[in-house]
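I opened the notebook to go through one chain, entry by entry.

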Amino acid sequence: MVITGILKKQGTRYQIEVDGEYWIILDAELIASFHLKKGLEITEELQEEVRRAADFRKGRERALYLLEYRDHCRKELVDKLSKNIERELAEEIADRMEELGLLDDRKYAQKLARHLILVKKRGERRALQEMMIKGIDRDIAVEAVSLVEPDENLLQELIKRKYLRYLGDEKGRNKVIAALMRLGHDYGDVIQAVNEAEESLERE
């Protein structure tokens, strides 16, 4: 097999033809690093090496774009990259992002735990579930959740903001309890908060 054409496409990208047929599009930097030129004999092994390098470069650029847009945990990033390149390469790229300090599951978990508990008003149990669904290791998730100190009046504020209008009868009370339980709050804490909210309504 011989490289029979190197045709400029867009910017620094070139289309490489082998034996008169399209093979791959490469950046000029890769062409230079592999010393590719018209008339060069190219083995299947070299083709595979070049393809892998091209996929790594494409995956690395995609990873940088994704991480610039928002934080990701490692599994989430690898899953997204694996849609277009081999998972093994995606794992290597994730390693590189960690080395650069752009990917850190522990920091990501701490940020996500604060968001889920303080902003989304999730209970610890629900927060853990959502973090693990995203691919965060359980031990890291547990540690992150343990570092969050929610306001002791969190449930009271949540009831006042979203559920107060349902209180006043047994059906509404059960609806509020079920909603707060779905958010992952402990049953005992929920009952106490609902009782206090009802007592507050009665005093008004």
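Entry 1: I began with Asp 19, which counts as partly exposed at 46% relative accessibility. The classes I use are buried for under 20% relative accessible area, exposed for over 50%, and partly exposed in between, with a 1.4 Å probe and protein chains only. Asp 19 sits in the loop between strand E2 (13-18) and strand E3 (21-27). Its phi is positive, about 50°, although Asp 19 is not a glycine.

I noted the ground rules here. The model is predicted, so local features need pLDDT of at least 70 and side-chain atom pairs count only at pLDDT 80 or more, while totals for chains, interfaces and linings use all residues. Residues are numbered from 1 along each chain as its sequence is written, and side-chain values use heavy atoms, with hydrogens and water left out.

I then turned to His 35, also not a glycine, with a positive phi of about 55°. I found His 35 in the loop between helix H1 (28-33) and H2. Buried or exposed, at 63% relative accessibility? His 35 counts as exposed.

**Entry 2: the fold.** I counted 10 helices and 3 strands. Elements are DSSP runs numbered from the N terminus: helices are H or I with at least four residues, strands are E with at least two. From the N terminus the order is β-β-β-α-α-α-α-α-α-α-α-α-α.

I checked the overall dimensions next. The C-alpha trace spans about 90 × 30 × 25 Å along its principal axes. I recorded 38% of the 204 residues as buried.

**Entry 3: salt bridges.** Side chains of opposite charge can pair when their charged atoms come close. I took a salt bridge as a side-chain nitrogen of Lys or Arg within 4 Å of a carboxyl oxygen of Asp or Glu. How many salt bridges does this rule give? The count comes to 22.

I looked up Arg 52 and Glu 92, whose side chains meet in a salt bridge at 2.7 Å, N to O. Arg 52 is in helix H2 (residues 44-69) and Glu 92 in helix H4 (residues 87-99), so this pair links distant parts of the chain, 40 residues apart. Arg 52 is partly exposed, with a relative accessible area of 25%. Glu 92 is partly exposed too, with 32%.

I went on to Lys 134, which forms a salt bridge with Glu 76; their closest N and O atoms are 4.0 Å apart. Lys 134 lies in the loop between H6 and helix H7 (138-146) and Glu 76 in helix H3 (residues 74-81), so the pair ties together parts 58 residues apart in sequence. Lys 134 is partly exposed at 32% relative accessible area, whereas Glu 76 is buried at 12%.

I also logged Asp 79 with Arg 87, a salt bridge with the closest N and O atoms 2.8 Å apart. Asp 79 is partly exposed at 28%, and Arg 87 is partly exposed at 39%. Salt bridges that share partners join Glu 48, Arg 51, Arg 52, Asp 55, Lys 58, Glu 86, Glu 88 and Glu 92 into one network.

**Entry 4: the positive patch.** Which residues form a positive surface patch? I listed Lys 120, Arg 161, Lys 162, Arg 165, Lys 171, Lys 175 and Arg 182. Helix H8 (154-163) and helix H9 (170-182) are the elements that give two or more residues to the patch. H9 gives the largest share, 3 residues.

I wrote down the patch rule. Patch residues have over 30% relative accessible area and no salt bridge; like charges are joined within 9 Å, and nonpolar side chains (Val, Leu, Ile, Met, Phe, Trp, Tyr) within 5 Å. Areas come from the Shrake-Rupley method with a 1.4 Å probe, and for residues only the protein chains shown count as cover. Lys and Arg count as positive, Asp and Glu as negative; His and the chain ends are not counted. The place of a charge is NZ of Lys, CZ of Arg, CG of Asp or CD of Glu.

Lys 120 lies in the loop between helix H5 (105-119) and helix H6 (124-133). At 42% relative accessibility, Lys 120 counts as partly exposed.

**Entry 5: a contact across the sequence.** I finished at His 185, in the loop between H9 and helix H10 (187-203). His 185 counts as buried, at 8% relative accessibility. His 185 and Gly 123 are 62 residues apart in sequence, yet 4.2 Å apart in space, C-alpha to C-alpha.
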